[in-house]
Amino acid sequence: MTERPFIEEILDRTREANPRGKGVYLHGDSLADELIKRKVVTEAEFLEAMSEGLSMPLWAELPLAEMKVDFTGAVSIQYLKRHCMIPLDLPGGRFLVLRDPSNFQPLDDLRNLLGWDDATAVLSTQAAILSAINRAYDQKTESAEEFVQDMAEESPDSIISEIEETADLLDDTSDAPVIKLVNLILSRAVKERASDIHMEPYQNAFIVRYRIDGVLYNTLNLPKRIQSALISRVKVMASLNIAEKRLPQDGRIDIRIGDKEVDIRVSVIPTAFGERTVLRLLDKAGAIFRLEDLGIDEERFHVFNDLIRSPHGIILVTGPTGSGKTTTLYGALTTINNPDINIITIEDPVEYQMNGIGQIQVNPKIDLTFARGLRSIVRQDPDVILVGEIRDRETAEIAIQSSLTGHLVFSTLHTNDAASAITRITDMGIEPFLVSSSVIAVIAQRLVRVLCPECREAYVPDEAALAKIGTAPSELEGYTIYRSVGCPACMNTGFRGRSAIFEMMIFDDELKKLILTTSDSNQIRAAAVNAGMVTLLGDGIRKIKEGVTTIEEVFRVTRI
């Protein structure tokens, strides 16, 4: 229940202190922070009370599409963030958007600095204002070409003089062009949802490419002469040895771009034309994994949900690199994670930190391998164990013994489909009877790009296209099939985001008997299909019918 008398008392004090409606300043915390900290009101309730009491408009959303960013050259981003306000020059007039009307002095200073005497004060939420600030200062960033021109007369060694890091790349006020260029490359990659940045040197060129939704796109073609300076700047940020150019190096960078905290894994290797650098971007804020978001259909979702709550056994997730295996396993762990069970993982590398789960990083330099770590984990009284990958016989044997002694084990394998996982494990030297008694399910998966809802186009596919995925036109009757087009919302790729397709092979009694007699993946696959298993291609066709993706995309990821 909101304490309305207290709010009225504050409003009365505000009106008495400043009849023009600019508010009263509280020492220490602002009025908004004071009320919210005391849990008297929520932010929404505070803004509604201020809007009503001071007759100030309240905007739940800000019209960012019409926003001009001319003010960014006159006002620092730090000042606006500190006081949570932003000036908006819109076609309908000028507005000063703020969260707390009691903080009137900075508002007057901003009004005088910009010469906006006629500006109207407007209220909005802290999240909306900070988002607008980040967007404005991101838009005003100069182009890569301007930075390259500035670097023409700069000494290659000058970047070492300015390596001080800032908490937010958008706050970086460094004048060094190479620092600005690296910041631009990183911030643009985050904005465009890139998972990797490739900096590739060739004989007469230096190319920067982004991997977006699993596909690489050329982003910048830079002059060869800035290659050394750019790579050196990245190595400085990753705390690598900039003088060593003959050996591979690995490092990491922690940065913040606006409201996003990003962990960057850096890999540098020597090539014939210079050092090639790949940066893997991991958005810490996006590390909330839910099974509901993976793209499993409702029927198999319930089956999978029951599997991950089994008291013991091994669940394997298979697929090539970058097919989302770790994300699926993290989703499973997040779903079953609670104080009643002990979950321990051993990974290479630990991609995301999860609360309530013990995570071990593989370190071959000190002989901390999957097998050695797994052997120690068993002595930690775990209920659930995640092994990043089963790579050898020793790891497979310990994982199987762990499952047979009452532990639920999750792990991954690099195989093309679910049935091939059995062949792979037996090839490692594991007896078939151990496989059939320990493994309870194998899940193969791929990631397909999701059509952009803004520009996808309905069409009627020809027989040649349908033949690629082994489907007759009659099977698609009654369904609307879409293809990609491309628009500004999806950076003209035609796709936005990815979804998984699954092949879930559950080990029933018949399948276990078959595994005891053969490890032929074709026979195992045929038996699983006869038992009702939906193949990767079948799940892909389901997503085509639902308008999620395209025929070409399913064909691309299911070719074996």
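These legends describe close-up views of a predicted model.

**View 1. Gly-93 in strand S2.** Gly-93 belongs to strand S2, which covers residues 93–98. Its relative accessibility is 24%, so Gly-93 counts as partly exposed. Ala-119 lies 26 residues away along the chain, yet the C-alpha atoms of Gly-93 and Ala-119 are 7.4 Å apart.

**View 2. A salt bridge between Arg-193 and Asp-213.** The whole structure holds 23 salt bridges. One of them pairs the side chains of Arg-193 and Asp-213, at 3.2 Å from N to O. This pair links distant parts of the chain, 20 residues apart. Arg-193 sits in the loop between helix H8 (177–191) and strand S4 (194–201). Asp-213 sits in the loop between strand S5 (206–212) and strand S6 (215–222). Arg-193 is partly exposed because its relative accessibility is 25%. Asp-213, at 9%, is buried.

**View 3. A salt bridge between Glu-200 and Arg-209.** The two side chains meet at 2.9 Å, N to O. Glu-200 has a relative accessible area of 1%, so Glu-200 is buried. Arg-209 reaches 21% and counts as partly exposed. The cut-off for buried is under 20%.

View 4. The side chains of Arg-542 and Asp-539 form a salt bridge of 2.8 Å, N to O. Both residues lie in helix H19 (residues 536–545). They are three residues apart, about one turn of the helix. Arg-542 is partly exposed, with 22% relative accessibility. Asp-539 is buried, at 0%. Salt bridges with shared partners join Asp-297, Arg-300, Asp-539, Arg-542 and Glu-546 into one network.

Technical notes: Residues numbered from 1 in each chain as written. Predicted model: local features only at pLDDT ≥ 70, side-chain atom pairs only at ≥ 80, totals over all residues. Heavy atoms only, no water. Helix = DSSP H or I, 4+ residues; strand = E, 2+ residues; numbered from the N terminus. Buried < 20%, exposed > 50% of the residue type's maximum accessible area, 1.4 Å probe, protein only. Salt bridge = Lys/Arg side-chain N within 4 Å of Asp/Glu carboxyl O.
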